[in-house]
Amino acid sequence: MGTAGAMNGSIGIRPAPLSASVPNALRVTPPPPPFFARRIAFFEAELAELRAYPRERLAGIVTGIGFACDGCARCCTRQSNDHVFLLEEDADRLREVAPDVLVPAPDPELADREGRLYVSGYALATTENGDCVFLENGRCRHYAARPAICRVYPYMLHREPGADGRVDWRQLAGLGKHGEYDTAIPPEEAGRCADETIAYEAAFLEQMIGFYRAAADYFAANDLRHVQKVRDDRLRAHARGEPLELLVYHRGRFEPCRVEPRG
Ligand code: SF4
């Protein structure tokens with residue numbers, strides 16, 4: 001991942017102009033274009049599934065696995081994770097303690113015909129070897145301010161395809177690859193893990209829904225459409241050494257960022 005800096009200011013979401021002759025009571029927000037509507041519907045369905053998942057089931061899985069961190073710090077390296085995605089709360093908190101460590105998350109979701117890319121949030125920067133920028137001598141330099149995903153890891157609660165292609169719930173990352181197992185976990189600790197994991201996953205899905213809603217409004221107001229080929233071409237050009245212009249979603253707005261290629 002290259003280095004990046006958020007430039008001053010942000011681009012507000014300008015609603016599409018409405019006819020002055022239409023009374024307020026009759027004005028309706030137009031539905032998002034089909035591409036955006038499908039993405040929003042997908043994340044809303046995932047959120048509904050998450051909210052229906054019994055908290056006690058997850059707490060039972062936490063107890064059954066009995067995971068205990070052994071401090072290997074593998075989860076803070078590229079060996080286990082290629083980036084640390086930041087919720088909006090994380091980004092706000094980390095801007096207070098270490099503003100230079102925020103970079104646009106990799107894999108921007110959208111591109112317009114002008115070559116601008118749009119991404120759903122920030123991530124933590126990494127070092128040259130891909131480790132988290134906060135990792136120092138096997139320890140987190142900002143443990144108290146660490147992002148939400150680091151607080152709940154290795155627990156998760158989302159649905160994804162397994163090796164057989166069947167979509168099912170996944171509750172633990174890297175099973176058997178780190179940490180210790182079969183340790184005794186008190187019920188209140190298991191319940192706390194379950195609550196924090198569910199809260200993280202809900203916040204992530206809400207951020208994705210917010211991103212696609214804001215992008216739908218912004219694209220409609222500026223007569224833009226998503227062009228997948230532009231996205232792929234720009235990412236290939238970046239890999240060859242060109243800078244990347246991005247708009248990063250944060251708190252309902254898009255913040256312009258420029259990512260220089262890693263030299
Ligand atoms: S923020 Fe801290 S805990 Fe999270 S990946 Fe980086 S070093 Fe590890």
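Gly-241, with a positive phi near 120 degrees, follows helix 6, where helices (H or I, at least four residues) and strands (E, at least two) are DSSP runs numbered from the N terminus. The model is a predicted one, in which local features need pLDDT of at least 70 and side-chain atom pairs count only at pLDDT 80 or more, whereas totals for chains, interfaces and linings use all residues. Residue numbers start from 1 along each chain as its sequence is written.

Helix 6 covers residues 228-239, and at 1.5 Å a residue its 12 residues should span 16 Å, which agrees with the 17 Å between its end C-alpha atoms; the expected span is taken as 1.5 Å times one less than the number of residues. Ala-239 belongs to this helix and counts as exposed because it has 11 C-beta neighbours inside 10 Å. The cut-offs behind this term are 20 or more other C-beta atoms within 10 Å of a residue's own for buried, 12 or fewer for exposed, and anything in between for partly exposed, with C-beta atoms placed from the backbone. Although 22 residues separate Ala-239 from Pro-261 in sequence, their C-alpha atoms are 7.3 Å apart in space.

## Overall organisation and core

The secondary structure of the chain amounts to 6 helices and 11 strands, and 29% of its 263 residues count as buried. Of the contacts between residues at least 6 apart in sequence, 72% join residues at least 24 apart, a contact being a pair of residues whose C-beta atoms, placed from the backbone, lie within 7 Å.

The largest nonpolar core has 53 residues, and those with the most contacts inside it are Tyr-122, Ala-215, Leu-246 and Val-248; helix 5 (residues 187-221) supplies the largest share of this core, 14 residues. Such a core is a set of buried Ala, Val, Leu, Ile, Met, Phe, Trp, Tyr and Cys residues joined through C-beta atoms within 7 Å. When its neighbours within four places in sequence are left aside, Tyr-122 is in contact with Leu-86, Ala-91, Leu-102, Val-103, Pro-104, Ala-105 and Val-248.

## Helix 5

The 35 residues of helix 5 should span 51 Å at 1.5 Å a residue, and the distance of 51 Å between its end C-alpha atoms agrees with this. After the helix comes Asp-223, which has a positive phi near 55 degrees.

Ile-198 lies in helix 5 and is partly exposed, with 19 other C-beta atoms within 10 Å. Apart from neighbours within four places in sequence, Ile-198 is in contact with Leu-50, Arg-55, Leu-58 and Leu-157, and its C-alpha atom is separated by 8.2 Å from that of Arg-51, 147 residues away along the chain.

## Helix 3

Asp-90, Ala-91 and Leu-94 are the buried residues of helix 3 (residues 88-97). Seen down the helix axis, these buried residues fall within an arc of 95 degrees, so they line one face of helix 3; the arc is that of the directions from the axis to the C-beta atoms. The face turned away from this buried side carries the exposed residues Glu-89, Asp-92 and Glu-96. Among the elements that cover the buried residues are strand 2 (102-104), strand 5 (122-124), helix 4 (148-152) and strand 10 (244-250).

## The ligand shell

Around the ligand stand Cys-76, Val-84, Leu-124, Cys-132, Phe-134, Leu-135, Cys-140, Arg-146, Pro-147 and Cys-150, each with its C-beta atom, placed from the backbone, within 6 Å of the ligand. This shell divides into 9 nonpolar residues, no polar ones and 1 charged, where Ala, Val, Leu, Ile, Met, Phe, Trp, Tyr, Cys and Pro count as nonpolar, Asp, Glu, Lys and Arg as charged, and the others, Gly among them, as polar.

## Loops and backbone geometry

The peptide bond from Tyr-153 to Pro-154 is cis, with omega near 10 degrees, and Pro-154 is placed in the loop between helix 4 and strand 8 (155-161). Asp-107, in the loop between strand 2 and strand 3 (110-111), is not a glycine but has a positive phi of about 60 degrees; with 13 C-beta neighbours inside 10 Å, Asp-107 counts as partly exposed.

Arg-251, also not a glycine, has a positive phi of about 55 degrees and is found in the loop between strand 10 and strand 11 (253-260), where Arg-251 is exposed, with 12 other C-beta atoms within 10 Å. Gly-71 has its place in the loop between helix 2 (55-65) and helix 3 and is exposed, with 10 other C-beta atoms within 10 Å. The C-alpha atoms of Gly-71 and His-178 are separated by 9.1 Å, with the two residues 107 apart along the chain.

Methods. Contact = placed C-beta atoms within 7 Å.
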